[in-house]
Every structure is written in C-alpha cells, then in structure tokens.
Amino acid sequence: MRRGRTTLHFERGGFYADVENVSAMLCGRCGARSVPGVTALKISDAIEKLFRAGKDLDMTGISFHKLAS
Ligand SMILES: [Zn+2]
C-alpha cells in the first residue's frame, strides 16, 4: 500500500456524487483503497448533507448531480 489520491463515488436515490482528490492508501497490485477513518467520517458527513439537500452545496471537490435516465 502506498499513499495517494483517489476519487470516491456515491449514489443514492438517483443522485450521484463524486469526491475527488481524497487522500487514501492505495494498492498498486489489486487496486484496493483505504481511506483513513477521520477522512471517511468527514466525507460521509458532507455526502449525507448533499443527499439530504438534493443539490450541490458549493463544496470544493464534490461534484453532485442527478443520474441521467
Ligand atoms: Zn492489494
């Protein structure tokens, strides 16, 4: 595992959120990603708010949109 950056994807109820440039430990061999607990908590908090609001909350690094049907 090495330190790096990754993009996380979340999807719920027809909405889709991308969180870019997340610090994580990455495995070059199998592609496994591990996000540190504090970071994961912060992200899930932000994502939770986005999904609740149903729109972009003007947060840097998070792209939030409705899935094309
Ligand atoms: Zn691995």
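Donors are N, O and S atoms within 2.8 Å of the metal, and sites may look incomplete because water is not among the atoms. In this predicted model, the zinc ion has Cys-27 (SG) and Cys-30 (SG) as its protein donors.

**Zinc site**
- Cys-27 (SG) and Cys-30 (SG) lie 2.3 Å from the zinc ion.
- Cys-30 counts as exposed because its relative accessibility is 62%, and exposed means over 50%.

**Helix H1**
- Ile-43, Ala-46, Ile-47, Leu-50 and Phe-51 are the buried residues of H1. Seen down the helix axis, they fall within an arc of 135 degrees, so they line one face.
- An α-helix has 3.6 residues a turn, so residues three or four places apart point the same way.
- Val-38, Leu-41, Lys-42 and Arg-52 are exposed on the other side of H1.
- Strands S1 (2-12), S2 (15-26) and S4 (62-66) are among the elements covering the buried residues of H1.

**Nonpolar core**
- The largest nonpolar core has 11 residues, including Leu-8, Val-22, Ile-47, Ile-62 and Phe-64.
- S2, H1 and S4 each supply at least two residues of this core.
- Phe-51 is one of the core residues. Leaving aside residues up to four places away in sequence, Phe-51 touches Phe-10, Glu-11, Arg-12, Phe-15, Tyr-16 and Phe-64.

Key
Residues numbered from 1 in each chain as written. Predicted model: local features only at pLDDT ≥ 70, side-chain atom pairs only at ≥ 80, totals over all residues. Heavy atoms only, no water. Donors = N, O, S within 2.8 Å, 3.2 Å for Na, K, Ca; no water. Buried < 20%, exposed > 50% of the residue type's maximum accessible area, 1.4 Å probe, protein only. Helix = DSSP H or I, 4+ residues; strand = E, 2+ residues; numbered from the N terminus. Arc of directions from axis to C-beta. Contact = heavy atoms within 4.5 Å. Core = buried A, V, L, I, M, F, W, Y, C linked by side-chain atoms within 4.5 Å.
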